[in-house]
Amino acid sequence: MVRDAGSVGTYVVAVAAAALASLARAAQPGAASPIAAPMRPLQWGKLNFLHTTDTHGWHGGHLQESQYSADWGDYVSFADHLRRTADERGVDLLLVDTGDRVEGNGLYDASSPKGQYYYDIYREQSVDIICTGNHELYHASTADEEHRQTVPNFKNNYVASNLDYIDPRTDQRTPMAQRYRKFQTKNQKLDIVAFGFLFDFTGNANNTVVQPVRETIKEQWFQDAIREKADAFVVIGHVGVQMQEFKDIFAAIRKQNWFTPILFFGGHVHVRDATAYDSRSFAIASGRYFETIGWMSIDGNLKKTGTPPRTIDPPLSFNRRYIDNNLLGLYHHTGLNETTFPTDHGRNVSAAISRARKELNLDYSFGCAPRDYWMTRTPYPHRNSIYSWLEKEVLPDIAVLPSRKDVPRLVIMNTGAIRFDIFKGAFTRDTTYIISPFLSVLNYIPDVPYSVASKVLGLLNNAGQILEAAGAVDARYMAIPEQLAIHESIIYNDKSSSSSAAFDDSGNAQQKPLGDSGSDSDGDGSDSQPSLVGGYTTKDDIGDDGDDAVHSNINFYVVPNCIQTEIGIPSDDDGKQAKPETVDLVFFDFIQPWVLMALKFSGGDCYSAQDVLPYVDGTFTELMAAWIKKNWPVKCGD
Ligand SMILES: *[C@@H]1O[C@H](CO)[C@@H](O)[C@H](O)[C@H]1NC(C)=O
Ligand SMILES: *[C@@H]1O[C@H](CO)[C@@H](O)[C@H](O)[C@H]1NC(C)=O
Ligand SMILES: *[C@@H]1O[C@H](CO)[C@@H](O)[C@H](O)[C@H]1NC(C)=O
């Protein structure tokens, strides 16, 4: 097992007065001021990487969360400074991005057409190896724009090992981009062979074709590529690092190359994670939503020289760091401050983001959230659970079809329809896309026997395997992607003994009670240490020292696949009052295939897609925003 050298217990506090920092710092106007934290350093090696994944349009940073409030322009400055450091040290730095750059933030979603500003902002960063995520492919129009803009913007760097694109004018199927990339690094002239994969995704629009990974690795071009002379293989992918796809690619490359280092950069499951498939490989996943900039380094004698080739290579060491997208941390890692850190280029990109946010009116406020509503920081049900709020307050008001308003009904929502917490304070146009970027609508089946309809929720939540065996897609896709990683951990690594335990942000089971914050025994206890801010406390296969900033723990509670609101139905506590004979079964359109499958199992085998009708007008996101405008105070008190 590889461990970070010299980082345990030797934190340096990033000292910068947060109060002063608002004058010259970049980030977006109105963004929360960064707060200092005890820091672990970056471990430079011969070959170093910065990695972003699943940024989902958050290139303006997190305006309500100080520890992630730097923006894409700051990242441009950061990378420039680190490239200069690499040049000075005579080592190399490469940037990687592993997809899902779109959908999930107003900066991408609020324009019409979508991404009107995003493509030009994103391209300002020089990314050396870049690939596609599933969110670039759900809608044919998104895949078209990816092919029309991002692929040519990163012409020599975009890699599509198992993805084809179908041109709408010619119906011609061609690789989305080059299958692999072979290049030499700038300073050490290391030979790199790089691949770019997508997991075995099947939900793409019909203008792309995703080839299953196990088939791709049998193809001649791949077999030839892994026989190229390489000092390191770099596999980037929109794939969780614990997923079988990466393990299959690793096995195929290793079979041909017994000693060459193989580096993996993954994503998709929205967690910080790292693992090693053997002693000369390493894999990192760098979180989500531009909260994290991943760092990987490899040190040792990388250049293959001399003939015949060595049979035993000297040892290599691998390191990883999960960098919070926090301005103070970025200053710290570069040894710069608020005046010396921003480059002209970075400032320009921050300014372009501000202009776009303004033109999109993203700061328009629908109302003021009276408190925080959490997805997984509290159990469900709970006073502070976003799902309890939706179940008890929002859905009863918005799930009303005027012509059937007196018909009792069950309303089922999948928890994955919600993508982020709501923070106390202004609920803006931006927030609507952050919370629920999907164009979900409510559908229904009228007059379903109550005895049948009332069993659906239980099946959706507890009988995933039965539904899958009967042909439905993986039931876990109804929940949030972060939980996929937890299931992966349980299935592949047996890290946890109980699926109902609380999990921390890396998906590992942990025991800390709710509300435990502010005092962490990791610090040295002296008064000079700032009090810890809640954030990632990652435990991965390498250890528990991966995060650059030391945080107090935030809990992660597993939520069900779906929640249900009962309207006009006497509760079990109402004594003898009879349940209705029939109800309207209302549900989010996304879960229709699972709902129909569950109906079959609960005695409603006569139902098919033909019985499904649209319920209310408007998307869920629009209905929720209208509810907030009506029910929450216009202005925030404090
Ligand atoms: C994809 O689907 C659309 C509409 O569903 C259809 O018009 C189009 O011909 C299909 N394209 C391909 C390449 O199959
Ligand atoms: C930033 O660093 C420069 C160069 O070391 C120094 O001259 C300047 O005073 C610093 N500014 C602040 C605000 O600390
Ligand atoms: C920044 O923007 C200014 C004004 O648009 C432009 O003149 C300058 O070349 C840009 N600088 C960089 C480094 O992008």
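1. Cys131 has a relative accessibility of 1% in this predicted model and therefore counts as buried, the limit for that class being under 20%. The model is a prediction, and the values given in this note should be read accordingly.

2. A search of the whole structure finds 1 disulfide. The bond joins Cys368 to Cys636, with an S to S distance of 2.1 Å. The torsion about this S-S bond is about 115°, and the disulfide is therefore right-handed.

3. Cys368 belongs to strand 17 (residues 365-369), whereas Cys636 lies in the segment after helix 17 (620-631); the pair therefore ties together parts that are 268 residues apart in sequence.

4. Cys368, at 9% relative accessibility, counts as buried, while Cys636, at 30%, counts as partly exposed.

5. Turning to helix packing, helix 1 (residues 72-89) and helix 9 (residues 344-359) have axes that come within 7 Å and cross at roughly 170°. The two helices are therefore roughly antiparallel to each other, since angles over 145 degrees are placed in that class.

6. On the side of helix 1, the contact involves Trp72, Gly73, Asp74, Val76 and Ser77; these meet His345, Gly346, Val349, Ser350 and Ile353 in helix 9. By residue type, the contact of helix 1 with helix 9 comprises 4 nonpolar, 5 polar and 1 charged.

Notes: Residues numbered from 1 in each chain as written. Chains lettered and ligands numbered in written order. Predicted model: local features only at pLDDT ≥ 70, side-chain atom pairs only at ≥ 80, totals over all residues. Heavy atoms only, no water. Axes fitted to C-alpha atoms, helices over the stretch in contact; angles between N-to-C directions. Helix = DSSP H or I, 4+ residues; strand = E, 2+ residues; numbered from the N terminus. Parallel < 35°, antiparallel > 145°, perpendicular 65-115°, else oblique. Contact = heavy atoms within 4.5 Å. Nonpolar A, V, L, I, M, F, W, Y, C, P; charged D, E, K, R; others polar. Disulfide = S-S within 2.5 Å. Buried < 20%, exposed > 50% of the residue type's maximum accessible area, 1.4 Å probe, protein only.
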